[in-house]
Amino acid sequence: MSNEIHVTIENRLGLHARPAARFSQLASRFASNIRLIKDGKQVDAKSILEVLTLACPTGTRLTIAAEGPDELEALTALQVLIETGFAEYD
Amino acid sequence: MTEKMTEKDNGGMLHMKGISASPGVAIGRVFVLDRRNRRIFKTYIAEHEVESEVQRLRTAVQKAGEQIQAMLRSMPDELREHIAILETHQLMLKDSMILDKSIDMIQRKMVNAEWALDHSLNHVRRLFGHIQDTYIRERIHDVEDVVARIQDILSGTQGIPMEQHTNPVVVVAHDLSPADTIQLNRKNVLAFVTEMGSRTSHTAIIARSLGIPAVVAVAGVTKYVFTGEDIVVDGITGDIFIRPDEDIIAHYTDKQACYIQHRQAMLLQSHLPAVTADGFSVSVQANIELADELDVAIASGAEGVGLLRTEFLYVGRNDLPSEDELFQAYFECVKRMSPKPVTIRTLDVGGDKFLSSLPVSPQTNPALGLRAIRLCLKEIDLFFTQLRAIYRVSAFGKLRILFPLISGCSEIQQIKVHLNSVKEQLRAEGIPFDEDVKLGVMIEVPTAVMMADLLAKEVDFFSIGTNDLIQYSMAIDRVNEHVAHLYDPLHPGILRMIHRSAEAGRLQGIQVGMCGEMAGEPAYTPIMVGMGLDEISMNADSIPKVKHIIRRCNAGLCRELVNRLLTACTSQEAREILEDFLGRYLPDERQLTHPYLCDAARH
């Protein structure tokens, strides 16, 4: 069983280096296996390089799927990170 | 490149020329920083060696992480903004695409760690090659940096960690990434020489801010010079001499001493007023972002703050600053600058700076979008907080308000309505303020130039913002690499716009100034004088140079120069007229005026 959430990237430059770094860094803090899915293409959310290669400009709709002991916690945390625009000024 | 290489004899002295990016003269030993030619050999390992090879890789990664951590700790303050680059490197270092893939490769193919890393890097390169977003695609250089660091540790060459160099060297490289530049131990860098780059590239900017000579765009230099050889770098003219002979060394030792002496003399004189030989005076002021910069500005001889950018108070936080916070920040600047004036520009965000505290829906063309004064007039609370804070400070010192991105008279009329409400509020609350705070507008939208005669009746001063004025008038996005080279302050159309604005101001008897980058370029100073500008505002480090030039100018001759420039047909023609003037009337100031011209001539 895994859980999923849908999010939209809203910061101006999209999921560029710094947000991708924060995203993979946060994902790495959870034990669950976490995947980032865009148009059927899946990457490991804990790998900054994989997240970058997914190339998500602003407006991109993504699915985050998590499976593991702390999957709901992980999804909530990642959703907040994206919704707050990665708490960054860019 | 306009300049050809001249080789005296094989293995002998070699003279090459590039673009001078940061002035100064350096004589010293070369350190070549070049990762492109790193040779990686494929070595098969025995099955029983696999575990130790994996361990060797893990240890190297661990070490690389420690190196980065050490750099993060010792990061000098002026480079702190680049910290995120190194933090990203830390993540990439342990990324599964690099580490896990390489370990997998070692185990399955039984190859050495260096080769496995190279293989992983190539895989990432291919993936990144498909990314359309240039900004993200270029992060591949960070991945390359990280892999190079691990490979250096593995091979024991330690090519990059300049922090380990104890003797000062001239760093020669194909190109320096921001990460490279910040990792270098700047105490041990005598100069930078790179094959790539321009006067506005990262290396150039950092070199100037650190006061290290730099020559960029020296084609092929890494092929001709080796670590340990001697080199002379002239950051004033862009000349470099590899394996210099005694005559050259003697000549440049003199030049270096002269340059240092010249610079000190200029600093000593920087407090003298900037008055031309025929008695025309110009107020030379500083562009400031943080109150911390005031000391440097004052030491450089600034006669006021011509542009206080206020965006820094808003960025990097999730809420908006309160009126009291703004008051404190403005008060600090006004108090420390007193009795010299401070010109506070109202918030200019939305074009290239954005606030997380004030999300604006994505705009396809933010430079032409809801930004600067438009944003303030829409978000009235945001505007009122600034105006109230500014007026409150006006009771304590001399300040002026500058409004950005004004396109004509209607914005000013709207602003005045708001100003009246602010004043009424303050009066009702019994808060003291200066009733006569001077109001000014940035002249940076082409229609403001066309309306300058009428705008001049509405305000107390103009400040010509050349960066945006050039960008908007010439329809050139300066950060777009395909057209950036067309950006040219000497375009006759731009010169005419500046002239028109200055004339409109003069006829109405208001002060006219300039605060764009053009104002801080010593080669253009005679044009500013000839245009009759009352004040020019620039980065602090340009102030002594510009003041020095003004003192050697004759305003009458400068006016003739401007008259001639206004007849020029092309930028090239304008440049020739200016060069002729500088060569004729300011030949001794060539160190100051030449670097820019030789850069501009390549455009």
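Biologist: Which residue does Ile344(B) stand opposite in β13(B)?
Modeller: In this predicted model, Ile344(B) stands opposite Ile401(B). The two strands concerned are β12 (residues 342-345) and β13 (residues 399-403) of chain B, which pair in the parallel sense over four bridges.

Biologist: And what do β12 and β13 of chain B belong to?
Modeller: They belong to a closed barrel of eight strands, with the order β10-β11-β12-β13-β14-β15-β16-β17 in chain B and parallel pairing. On average, neighbouring strands of this sheet are turned by 25° against each other, direction ignored.

Biologist: Which helix lies across β12(B)?
Modeller: Helix α12 (residues 323-337) of chain B lies across β11 (305-308), β12 and β13 of that chain. The helix runs at about 160° to β12(B).

Biologist: Where does Pro339(B) lie, and is its peptide bond with Ser338(B) cis or trans?
Modeller: Pro339(B) is in the loop between α12 and β12 of chain B. The bond from Ser338(B) to Pro339(B) is cis, with omega near 5°.

Biologist: Is Leu405(B) buried or exposed?
Modeller: Leu405(B) counts as buried, because it has 23 C-beta neighbours inside 10 Å. The threshold for that label is 20 or more.

Biologist: Switching to the core: which residues touch the most other members of the largest nonpolar core?
Modeller: Val305(B) and Val441(B) do, in a core of 97 residues. Leaving out residues up to four places away in sequence, Val441(B) touches Phe403(B), Ile406(B), Ile412(B), Ala448(B), Leu455(B), Val459(B) and Phe462(B). There is also a second, separate core of 51 residues, which includes Ala55(A), Ala64(B), Met97(B) and Val147(B).

Biologist: Ala55(A) is in chain A. Where does Ala55(A) lie there?
Modeller: Ala55(A) lies in the loop between α2 (48-53) and β4 of chain A. Its phi is positive, about 45°, although the residue is not a glycine. Ala55(A) counts as buried because 20 C-beta neighbours lie inside 10 Å.

Biologist: How is chain A built? What is the order of its elements?
Modeller: Chain A has three helices and four strands. From the N terminus on, the order is β-α-β-β-α-β-α. Of its 90 residues, 43% count as buried.

Biologist: How many bridges join β1(A) to β4(A)?
Modeller: Six bridges join β1(A) to β4 (residues 61-67) of chain A, and the two run antiparallel. Within that pairing, Glu4(A) has Ala65(A) as its bridge partner in β4(A).

Biologist: Which residues of α22(B) are buried?
Modeller: In helix α22 (residues 555-565) of chain B, the buried residues are Ala555(B), Cys558(B), Leu561(B), Val562(B) and Leu565(B). They cover an arc of only 105° around the axis, which puts them on the same side of α22(B).

Biologist: What covers the buried residues of α22(B)?
Modeller: The covering elements include α19 (492-508), α20 (525-531) and α23 of chain B.

Biologist: Then α23(B): which of its residues are buried?
Modeller: Ala574(B), Leu578(B), Phe581(B) and Leu582(B) are buried. Seen down the axis of α23(B), the buried residues fall within an arc of 95°, so they line one face of the helix. The face turned away from that buried side carries the exposed residues Asp580(B) and Arg584(B).

Biologist: What span should α23(B) have, at 1.5 Å a residue?
Modeller: The 15 residues of α23 (residues 571-585) of chain B should span 21 Å, and the end C-alpha atoms are 21 Å apart, which agrees.

Methods:
Residues numbered from 1 in each chain as written. Chains lettered and ligands numbered in written order. Predicted model: local features only at pLDDT ≥ 70, side-chain atom pairs only at ≥ 80, totals over all residues. Core = buried A, V, L, I, M, F, W, Y, C linked by C-beta atoms within 7 Å. Buried ≥ 20, exposed ≤ 12 C-beta atoms within 10 Å, placed from the backbone. Contact = placed C-beta atoms within 7 Å. Expected span 1.5 Å × (residues − 1). Arc of directions from axis to C-beta. Pairing = 2+ DSSP bridges. Axes fitted to C-alpha atoms, helices over the stretch in contact; angles between N-to-C directions.
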